[in-house]
Amino acid sequence: MLYIGNFKMNIPTDDYIDSLIKLDKKGNEVGIALPFPYIYQYAYALNNADIVVGAQNVTEAVIKESTGEVSAEMLKGVGAEFVLVGHSERKKLRGETMSKIREKCEQALSKNLKVVLCVGESREDYENGNTSKVLEKQLREILNSLKNITYDNFIIAYEPIWAIGTGLIPTADDIEIVVRHIKSMTGKWAKCELRVLYGGSCKASNIKLIKCAEGIDGLMIGDACQDVKELQKIINA
Ligand code: PGA
C-alpha cells in the first residue's frame, strides 16, 4: 500500500521529523506532502528512512516573470518527488480551474515530478448517484490531453469532497465501486490501470472499515498524518 500524508498548511512540531524517521512502514511506501518551506529539510532528513517528500502545489506558469510562484524544477531541486494536484481545497478556496490543473500536471510530468491527482464528488452528487459520472468528467478533462502517463508517475487520489475533514466516510462498498470504475477509466489514457488511493477522514478509528474496500492501492491522510502515532496505527490496521 501507498500512504500519503497531506500536511496541509500546518506547522510541524519540533519532534515531527524524528518521529517520522522511527515510523515502522511495515513494507509499505510512505510519502508526506509538505508546505514548500519544509521540503528541503525533510527530503534530506527522511532520505535514509525511505520516506518520500512531496509538495502540495506546483505552478502552471512557465515564464520567469511569475513572482511568488514555485516551479516543478525548483521542487525537484529541493528533493520533492511528487506533488498533489487539484486538491478540492485549492479548487474551492484558491479558485483552481480544470485547465490550470491540467497545466500543473503537464509541468510536473515534464520535470519528472510524480503527480497525485485528486478527484472527488460533492455531497449532492454522491446522494444523487452521480459520483461515477462526475469523476469520469474530471478525469477526462485532465487525462485526455496528457502524454506519457505511467503507473509510476501518475496516481489518482479519490477524495469525496464531503468526506474531507468532516469525519464522514463512504461505505467500503461505495469506495470499492468507485475505485474499480476509476481504474478501468484510467486504462484508456495510460498504458495500464493507474493506482488509486482513497482520501477523506482517514483515522485510526475508522481505517479498518476503509481498508475493507478491495482494490484501493493506498490512502491519503490529511489531519491524522500530523500525529505519527495515529499514522502508525493507520498503517498497522
Ligand atoms: P482529511 O484530509 O484526512 O483531514 O479528511 C484529507 C485530504 O485533505 O487529503
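Trainee: How many bridges join β5 to strand β6 (residues 154-158)?
Mentor: This is a predicted model, where local features need pLDDT of at least 70, side-chain atom pairs count only at pLDDT 80 or more, and totals for chains, interfaces and linings use all residues. Residues are numbered from 1 along each chain as its sequence is written, and side-chain values use heavy atoms, with hydrogens and water left out. Leu 117 stands opposite Ile 156 in β6. The strands run parallel, and the bridges joining them number five.

Trainee: Which residue of β5 is the bridge partner of Val 83?
Mentor: Strands are DSSP runs of E, at least two residues; helices are runs of H or I, at least four; both are numbered from the N terminus. Two strands pair if DSSP finds at least two bridges between them. Strand β4 (residues 82-85) pairs with β5 in the parallel sense over four bridges. In β5, the partner of Val 83 is Val 115.

Trainee: How many residues of strand β5 (residues 114-119) are buried?
Mentor: Buried means under 20% relative accessible area, with a 1.4 Å probe and protein chains only. Strand β5 is mostly covered. Of its six residues, the buried number five.

Trainee: Which residues point the other way from Gly 218 and Met 220 in β8?
Mentor: In a regular strand the side chains alternate between the two faces of the sheet. In β8, all four of these residues are buried. Gly 218 and Met 220 point one way; pointing the other way are Leu 219 and Ile 221.

Trainee: Which residue of β8 is the bridge partner of Tyr 3?
Mentor: A closed barrel of eight strands runs β1-β2-β3-β4-β5-β6-β7-β8, with parallel pairing. Strand β1 (residues 2-6) is joined to β8 (residues 218-221) by four bridges. The partner of Tyr 3 is Leu 219.

Trainee: At what angle do the axes of α5 and α7 cross, and why are these helices oblique?
Mentor: Axes are lines fitted to C-alpha atoms, for helices over the stretch in contact, with angles from 0 to 180 degrees between N-to-C directions. Under 35 degrees counts as roughly parallel, over 145 as roughly antiparallel, 65 to 115 as roughly perpendicular, and the rest as oblique. The axes of α5 (residues 98-110) and α7 (residues 131-143) come within 9 Å. The helices are therefore oblique, crossing at roughly 50 degrees.

Trainee: Which residues of α7 make the contact with α5?
Mentor: Contact means heavy atoms within 4.5 Å. From α5 come Met 98, Ile 101, Arg 102 and Cys 105. From α7 come Gln 138, Glu 141 and Ile 142.

Key:
Buried < 20%, exposed > 50% of the residue type's maximum accessible area, 1.4 Å probe, protein only.
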